[in-house]
There are 2 protein chains.
Amino acid sequence: MQENVNIYDIAKYSGVSTSTVSRVLNGHRDVSLKTRALVLQTIKDYAYIPNNSARNLPCSSTKAVGVVVAGVTNPFFAYMISIIQTELKKNSYMTILQNHDPKSDADIVDTAVGLYKEKRPEGLLFLGGDFERKHQMLRLVKIPIVLVTTTIRAECERSWFSSITVDDEREAFNIANYICSKGHKRIAVIGNHLLRKKGLDDALRERGISAAEIRIEYGVAFSYEAGYLAAKRLLESGSYTCILCFTDILAIGAMKAIREKGLDIPGDISVIGFDGIEIGEYVSPMLTTVKQPAEGMARQSVSVLFGAMQYDAPHMHMVMPTTLIEGGSFGPAAE
Amino acid sequence: MQENVNIYDIAKYSGVSTSTVSRVLNGHRDVSLKTRALVLQTIKDYAYIPNNSARNLPCSSTKAVGVVVAGVTNPFFAYMISIIQTELKKNSYMTILQNHDPKSDADIVDTAVGLYKEKRPEGLLFLGGDFERKHQMLRLVKIPIVLVTTTIRAECERSWFSSITVDDEREAFNIANYICSKGHKRIAVIGNHLLRKKGLDDALRERGISAAEIRIEYGVAFSYEAGYLAAKRLLESGSYTCILCFTDILAIGAMKAIREKGLDIPGDISVIGFDGIEIGEYVSPMLTTVKQPAEGMARQSVSVLFGAMQYDAPHMHMVMPTTLIEGGSFGPAAE
DNA sequence: CACAGTCTTGGGAACGTTTCCGACAATACT
DNA sequence: AGTATTGTCGGAAACGTTCCCAAGACTGTG
C-alpha cells in the first residue's frame, strides 16, 4: 500500500498553502496564473488525486444520484439508464445503480430507503416499478425524487415528488379502442399494470364488451419467459384474435408461444406491445407497439432532478406523448 | 432544508459520548446492553443516519466499486450487471455504473481512469470492450481490476490485473470447425473481435479455405442495427450459406436482413451467434449460439475482485467453458 | 479492607478537504 | 504622497466520523 499524497503535500512541494491548492482544484479565481500553473504541475508530478470523501464532508455533498431500476434486464430500462448515466456524468455526478429484481417480493421502496441510508445520494430516480405500498416511507428521505415510468396509484399524494410518465390509462384506453375498431372481440391481456388495465377496462365497457369476456393473464414479472408462459396458458384455454401485452418483452415472449402453436401472427392472432424497445423491430413480424419516448423521458428526468436538487424547483408531473408503431404483428380481426 | 442530526446530537440526547454512539453504530462490544438500547432508541427517535463521507474519511474507504460497461444496452451485459450489483450489495458495496458507449470513439481506458479519478472506487470491473491502446494508463490506478469478457491482446502484460473470459480464440476455432463440418464453404462473418477472428482464421486455414474466400463485415458497433446493415451489405455483394456473428445481437440484426431478402433461415442461410442472451430463444428460428456462462462469470468477477481488495489475493486469469446452444438458426449447408 | 482485573465510558486527536476571514502587495485614483 | 481598490494568498476553523488511550466503576480475590 503506497501512501497517498494529499493536499498538504502538494501545498508543501509547491511552496503555497492548502487554500491555494484547493482554489486551483476547484477552479476558483483569485489565483494568479503563475501560481496556478505551478500547482497544476505539482499535482501532475505527484499524480495527486483529491480524496472524495473529504471533499464532500464540508459541503456534505456526495455527488451521487441513486437510480433504482425495476429490472436492468429490461431493454427499455437499460436504454434509459445509458442515457441517464451519460447525462449525470456530464454534471460529474455518479450514478449508483440499484437493481430491483421485479421477480423478488421485496418492495421497491424498501430498496430505495436502504440505498439512501447507506449511500446518501443527493437525488433519487426510479425507473419503472409500482409505487404503492409503504411509499410514505420515502417522505423521510429528504432528497428530491423523480419517478420515471412508474405506476403511481391515484390515491398517492403527489406533492412531494416529481414524475415523468406517459398517460398510461389514456394510452391503454386508446389502444384498446384501436384494437376494437379493427374488429377484435376476443381479446386477451398479459401483464400486471394497474393504470393500463383501468384504461383498457374503460374502453371495453364503453364498447359494451363485458370484462368477463376478456381474459387477463397477470404475467407476474416483466420477462420474456413470463410472456411466453402466459400466452401458452391463454392459447390452451381459449381462442383469441388479439393479445395485448403491457410490455414489449411480454409481447415478444407471447409471440413465441403463438408460433409454437402453429398460429400465424397477425393472421390468426394479433399481438400488440407497449414500450417501443429496439428489439421489437427485429422480431418477425415486427412488433406493433405503443412507443414511449424513452430518450426524452430519460433526459427530462435528470433535468427535473437537477432542478429540484439545485434550485429547489417545485415538483412537477410531466406526461409525455406516445407514438403507435405499426410493426406488422397487428392486423384486423380474422373472421 | 432541514438540518441533519449528527452523531453529536445523538450523543447529547442520549447523555453519552460520541465514542459510545459510534461503538453502537459499528456493533462493537464494550457497550452495556442498557446504553446500547438507549442509544438505539435515540437514533430511531431522531431518524439519524450517519454521514457516509465522514465515515469513510478516517479509513479512506468509499465502499464503491466502479463497473465500466461496453454498452449497458447489450442484454448480455445488462444481465451480468444485474447479478454483479446484487452481489456487491450483499457486501454493502455500491456499484458506480459507467457506461461506455461502444459507438463513441473515446477509449474505454480513458473512461475508466476518469471514473477512478472522480469517484475513487476501491475496485474496478470491466464488462466487455477492447483492452489494447493505452491500457498502461490503468497501472497508475492502484486498485484491483478485473476484466470480464474483455478482449485482451496477446501482447498485454497480464501480471497487474485479473480477468474472467472464455477462450475466445479456441471457441471461435471450434465453432468454425463445426460450421465447416456441416458442409458450409461460403461463410461470412460479422463483428469485430480480434481473438475470435484469429481462431476463425486458424480453423479455416487448417481446412484449406483461404481467408480471401471469407467475407468479414466489421460491424462497427455491437448493436442490432449494425448487424442488420452488415448483413444487408453481405447479401447484396455475394451469396453465403452461413453467417457467423461475433455477438448475438449482431446475429439477430442479421436475421432481419435475411428475412427481408426473402431467404429462409437456416434453409438458405444459417446464422450463428455468440453470447447466449435470453432474447435469442425468442426470435424465430431460435438462435444457435455459443453461450457464455454469464451468471457464473458475473459472480466470479466480484468474488475475484473482493479477493484482491480484501486479502490482496494474487491476480488470476479464469477461463470459463461455453456451451453450444442449438437453436434452429443453423443447419447443414444447402446445396 | 486493599488490591488487581475487567467492563464500560469519555476525551480528543486524527482523516483530507473547503471556505471564511483577514493580511499583504500592487495598482489606481485623488 | 496618501488613500481606496483590487488581486493574491495564508491561517485556521469547520465538516462528521473513527479509534486509541486513559479514567472511572464495578467485581472478585486475598
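Ala, Val, Leu, Ile, Met, Phe, Trp, Tyr, Cys and Pro count as nonpolar, Asp, Glu, Lys and Arg as charged, and the others, Gly among them, as polar. With that in hand, the surface near DNA strand D splits into 11 nonpolar, 14 polar and 2 charged residues. You're looking at a predicted model: local features need pLDDT of at least 70, side-chain atom pairs count only at pLDDT 80 or more, and totals for chains, interfaces and linings use all residues. Residues are numbered from 1 along each chain as its sequence is written, while chains are lettered from A and ligands numbered from 1 in the order in which they are written.

**How the two chains relate**

**Where they meet**

- Chain B puts 42 residues into the contact and chain A puts in 43 (two residues are in contact if their C-beta atoms, placed from the backbone, lie within 7 Å).
- On chain B's side, α5(B) gives the largest share, 7 residues (helices, H or I, of at least four residues and strands, E, of at least two are DSSP runs, numbered from the N terminus).
- That side of chain B divides into 18 nonpolar, 16 polar and 8 charged residues.
- 100% of the interface residues of chain B are also interface residues in chain A, so the copies meet through the same surface.

**The sheet**

- An open sheet of 12 strands, with mixed pairing, runs in the order β13(A)-β7(A)-β5(A)-β3(A)-β1(A)-β2(A)-β2(B)-β1(B)-β3(B)-β5(B)-β7(B)-β13(B) (strands pair if DSSP finds at least two bridges between them).
- β13 (317-320) of chain A and β13 (317-320) of chain B stand at the edges with a single partner strand each, so one side of each has no neighbour in the sheet.
- Within chain B, β5 (residues 145-148) and β7 (residues 162-166) run parallel, joined by 3 bridges; Val148(B) has Ile164(B) as its bridge partner.

**Around the DNA**

- DNA strand D is surrounded by 27 residues, with Ser17(A), Ile7(B), Ser22(B), Asn51(B) and Ala54(B) the closest (near means a C-beta atom, placed from the backbone, within 6 Å).
- α4(B) gives the most to this surface, with 5 residues.
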